[in-house]
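Please look over the sequence and the structure before reading on.

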Amino acid sequence: MKIQVLGSGCPTCRKLYEVVQEISKELNLKDEVEYSTDVTKIIELGIMSSPVLIVNGKPVMVGFTPDTEKIKKLIKENL
Amino acid sequence: MDIFYPIQILADWITYSILHFVKGSILGGAVDFFVNDSVKIFLLLSVIIFAVSVIRSYLPPEKTKKWLTNRFEIVGNIIAALIGIVTPFCSCSAVPLFIGLVESGVPLGVTFSYLISAPMVNEVAAVMLLGLFGPMIALLYIVSGVAIAVIVGFILGRLKLEYLVEDYVWKIKANCQTVDIKKTFTDRLREAYQYTLDLIKKVFPYVLVGVAAGALVHGYAPENLLAKIAGKGNLFAVPLAVLIGVPLYSNAAGTIPIVKSLIEKGLPIGTALAFMMSVTALSFPEMIILRKVLKPKLLAIYIAILTIGIIFTGYLFNWVL
């Protein structure tokens, strides 16, 4: 199981990374959350917005929401 | 009849019956003005931003891309500028958006039309103009913003400046399959609600400060104060207004109420419009982000043409109205 946050290096992307880290700790996930600011990766997925949340290679959320519960749910569903 | 009339009644009641200000006094008038404008703006912001957010959820950039590829150029410019109206400019997404569009074969000029219209036709600014100046001025702002985006984008497209885009952009190859994250209507409503709430939280201090400052100017500044120094006769007023607007990025919410009062004191509409456009369209954070994909020369050309477009619009409206 692998969680990645892809962004373009903006504050919002950074924030999503921090939120996801918190959630990962809460759910006792062993793997580190990966954070990448390489825009190329986003484009290669066919996505044009950032940040992108990826769980096990699958993009589950595009864009940011302050709704932590929703992010938690998305991660749980896709683990 | 003025649809905002009930808000005026509410404001009068709060000011004179609850807060006991003396009717007809300057302070009472300023407080009344403040209550009326802030209630009106927050009401409009909540309703319109919510509606726009729902509409927007049907227009993700991945779909925009499909609509813009293989279009006759000027048609592409127009569609791009129109889509830009409902899309807010997010500094996070500017780079992936730019690369995504260019990479899929959308002409550079069309991409620019979108990149100009998205921040320039700012939803908060449009709502505030609607609340404070009425539908005519709000429409004027939107239409001239779209016109600038179409024309500037078209000119940039004609200049064949593709070689001034950073080279790595052309090397990226996207997966043809676009990711499709399914959303139910309830999801859309929920997201729109979240977004609206977030946005209002973010802009409300600016709105309050702006409306308060506007109320002070309204109550205390002498009539025709600006007509003399920044009236139509002063040719430098428009470029100067544009310059002042540049560092005020993202403060459209706080700036517009002040501008309203300045117009009452004699600031010409065109000058005010140019000022508001420079507040929303010419922003340093956006330029810094765009530098990642544009070589400095292209960035400079883009800023120059956009600035000229805004100044021209200012003169045009001063001349027509």
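Predicted model: local features only at pLDDT ≥ 70, side-chain atom pairs only at ≥ 80, totals over all residues.

Read from the N terminus, the elements follow the order β-α-β-α-β-β-α. The radius of gyration of chain A is 11 Å, close to the 12 Å that the globule rule gives for 79 residues, so chain A is as compact as a globular protein of that length.

Chain B is built from 16 helices and has zero strands. Its radius of gyration is 21 Å, close to the 20 Å that the globule rule gives for 321 residues, so chain B is as compact as a globular protein of that length.

| Chain | Span along the principal axes | Buried residues |
|---|---|---|
| Chain A | about 30 × 20 × 20 Å | 52% of 79 residues |
| Chain B | roughly 70 × 50 × 30 Å | 52% of 321 residues |

## Backbone features

Most residues other than glycine have a negative phi, and most peptide bonds are trans. Against this background, some places in the model deserve attention.

In chain A, the peptide bond that joins A:Ser50 and A:Pro51 is cis, with omega at about 0°. A:Pro51 belongs to the loop between α2 (39–44) and β3 (52–55) of chain A.

A:Asn28 is not a glycine, yet its phi is positive, at about 55°. This residue lies in the loop between α1 (11–26) and β2 (33–36) of chain A. Is A:Asn28 buried or exposed? A:Asn28 counts as exposed because its relative accessibility is 65%, and the term applies over 50%.

B:Lys160, a residue other than glycine, has a positive phi near 50°. The loop between α8 (135–158) and α9 (167–171) of chain B holds B:Lys160.

B:Ala253 is part of helix α13 of chain B. With a relative accessible area of 2%, B:Ala253 is buried, since buried means under 20%. B:Ala253 and B:Val203 are 50 residues apart along the chain, and their C-alpha atoms are separated by 6.3 Å.

A second example concerns B:Leu27, which is placed in helix α2 (residues 26–56) of chain B.

## Aromatic and charged contacts

A pair of aromatic rings is described by the distance of the centres and the angle of the planes. Over all chains, the structure holds four aromatic pairs.

One of these pairs is formed by B:Phe98 and B:Phe112, with 6.4 Å from centre to centre and 65° between the planes. The pair is edge-to-face, because an angle over 60 degrees counts as such. B:Phe98 lies in helix α5 (residues 94–103) of chain B and B:Phe112 in helix α6 (residues 108–120) of chain B, so the pair links parts of the chain that are 14 residues apart. B:Phe98 counts as buried, at 0% relative accessibility, and B:Phe112 is buried with a relative accessible area of 0%. Together with B:Tyr302, B:Phe98 and B:Phe112 form one aromatic cluster.

Charged side chains also meet rings in chain B. The charged end of B:Arg56 sits over the ring of B:Tyr195, at 4.6 Å from the ring centre. The charged end of B:Arg188 is placed over the ring of B:Tyr58, at 3.9 Å from the ring centre.

## The second largest pocket

The second largest pocket has a volume of about 320 Å³. Its lining comprises 18 residues, and those nearest the centre are B:Ala230, B:Ala241, B:Ile244, B:Leu262 and B:Leu267. The elements that give two or more residues to this lining are α11 (225–230), α12 (237–245), α13 (252–264) and α14 (269–281) of chain B.

Which classes of residue make up the lining of the second largest pocket? The lining has 15 nonpolar residues, three polar residues and no charged residues.

Note on methods
Residues numbered from 1 in each chain as written. Chains lettered and ligands numbered in written order. Heavy atoms only, no water. 1 Å grid on protein atoms, 1.4 Å probe; cavity = no way out; pocket = protein on both sides within 12 Å on 5 of 7 lines; lining within 4 Å. Points joined across faces, edges and corners; volume = space filled by probe spheres on them. Helix = DSSP H or I, 4+ residues; strand = E, 2+ residues; numbered from the N terminus. Nonpolar A, V, L, I, M, F, W, Y, C, P; charged D, E, K, R; others polar. Phe/Tyr/Trp six-rings, centres within 6.5 Å; stacked < 30°, edge-to-face > 60°. Buried < 20%, exposed > 50% of the residue type's maximum accessible area, 1.4 Å probe, protein only. Lys NZ or Arg CZ within 6 Å of the ring centre and 35° of its normal. Rg over C-alpha atoms; globule rule 2.2 N^0.38 Å.
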